Amino acid sequence: MTAETVQRKEYLAAGSVEEAVAALAAGARPVAGGTDLVVGARHGKAPLPASLVGIHRIGELAEVTTLPDGGLRLGALVSHATIVSHPEVLARWTGLADASAIVGSHATRANGTIGGNVMNGSPAMDTGAPLLCHGAVAVLTGPSGTRRVGLADLWTGPGKLSSSPDELLVAVELPGDQDTGGAGGGKLPGSAYVRLQYRRQMEIAIVGAGAVVTLSGTGPDATVTSARIAITALAPVIHRVAEAEQALVGSSGDEAAARAAGELAAAASRPISDVRGSADYRRAMAGVVTRRAILAAVSRARGAGPAVPASDTTYGS
Ligand SMILES: Cc1cc2nc3c(=O)[nH]c(=O)nc-3n(C[C@H](O)[C@H](O)[C@H](O)COP(=O)(O)OP(=O)(O)OC[C@H]3O[C@@H](n4cnc5c(N)ncnc54)[C@H](O)[C@@H]3O)c2cc1C
């Protein structure tokens, strides 16, 4: 190694949010599980920042707590493994469990955090579509206090965020009092996240879709009263598709309705071509994956399967 390639690194393991925020204000970058930042640096994706602040010792960031409206607050350090095994997430925010269940491998899920997933700002990250559909809010703490930002306002481009570099994500809140996205208000919605994957472990979404659906009743005459649909790896940022949502409302949520909504989601996509798929292939698959996510969400709203993760159980349908 030459002298030019040796760069001095600074590292602090913060013991509190205040200490971490002070380090960020001094120019450090946060590291949680390190599965993006450190693994990416080792693979040559981007060099490690010169100054890092580890947040893994801040106990309060690893807590899952209930909100006054019946929602759930996931501390930024909550791991994908914890999300997948949390009974309330499985029952009420099932789409999020679908996503966390397929992140990387067992090791990735044990170390990777919800905060790191949200703050990498990738248009292909798996928890994004279900979090958007569930109406999740990012809780950011910086030198001048704490503020809440909807995820649609947080993600501004591939790997780009509206938050300031001196703001730490302290939690992701899942509201409980909406007719979709939570369960506090009335009938339990059904939700699902499905991604197109070439293998079941260590994969990145080629295309993904999340759906949250509320039905008027349980019988065969039940109709969709509200719907949220979001698409993954199909645009510079993960986003909801209003046209698809509107088309689904008032329908029975059957195969034909899901297919029509899927086609609208495909029409709203702006995919790129890369080694994992061409733009045309991605656009074609957007319709298929969105249809599967809707049907899985409708089925769950009716009180039936598929099991988590929906990507595996709807595979081949
Ligand atoms: C082998 C492998 C497979 C993977 N598979 C998937 C997959 O299938 N799906 C998927 O979505 N992702 C996948 N990932 C990406 C990664 O594992 C996840 O995004 C994970 O949730 C990142 O969490 P982390 O705690 O490890 O983040 P880190 O690597 O610690 O941080 C990621 C980014 O977020 C920032 N950050 C972290 N925490 C905070 C915070 N609290 N406040 C502000 N900024 C913060 C960091 O500065 C960094 O920019 C994979 C990664 C690997 C290595």
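**Close-up views of a predicted model**

**View 1. Helix H1 lies across strand S6 and strand S10.** Helix H1 lies across strand S6 (137–142) and S10, running at about 125° to S10. Contact here means heavy atoms within 4.5 Å, while helices (H or I, at least four residues) and strands (E, at least two) are DSSP runs, numbered from the N terminus. Axes are lines fitted to C-alpha atoms, for helices over the stretch in contact, and angles run from 0 to 180 degrees between N-to-C directions. This is a predicted model, in which local features need pLDDT of at least 70 and side-chain atom pairs count only at pLDDT 80 or more, whereas totals for chains, interfaces and linings use all residues. Residues are numbered from 1 along each chain as its sequence is written, and side-chain values use heavy atoms, with hydrogens and water left out.

**View 2. Five strands form an open antiparallel sheet.** The order of the strands is S4-S5-S10-S6-S7, where two strands pair if DSSP finds at least two bridges between them. Strand S4 (64–66) and strand S7 (145–150) stand at the edges with a single partner strand each, so one side of each is left without a neighbour in the sheet. From one strand to the next, the twist averages 25°. Strand S5 (residues 72–75) pairs with S10 in the antiparallel sense over four bridges, and the bridge partner of Leu-72 in S10 is Leu-174.

**View 3. S6 and S7 form a hairpin.** Two residues lie between S6 and S7 in this hairpin, and the two strands, which run antiparallel, are joined by six bridges. Within this pair, Thr-141 stands opposite Thr-146 in S7.

**View 4. Three strands form an open sheet with parallel pairing.** The strands of this sheet follow the order S1-S3-S2. Strand S1 (10–13) and S2 stand at the edges, each with a single partner strand, so one side of each has no neighbour in the sheet. The twist in this sheet averages 25° from one strand to the next. Four bridges pair S1 with strand S3 (residues 51–54) in the parallel sense, and Leu-12 stands opposite Val-53 in S3. Helix H1 (residues 17–25) lies across S1, S2 and S3, and runs at about 170° to S3.

**View 5. The ligand is surrounded by 30 residues.** The closest of these residues are Pro-30, Gly-33, Thr-35, Thr-113 and Asp-126, and a residue is counted as near the ligand if one of its heavy atoms lies within 4 Å of it. By class, the shell has 14 nonpolar, 11 polar and five charged residues; Ala, Val, Leu, Ile, Met, Phe, Trp, Tyr, Cys and Pro count as nonpolar, Asp, Glu, Lys and Arg as charged, and the others, Gly among them, as polar.

**View 6. The peptide bond from Val-308 to Pro-309 is cis.** Omega of this bond is near 0°, and Pro-309 has its place in the loop between helix H12 (279–301) and helix H13 (310–313).
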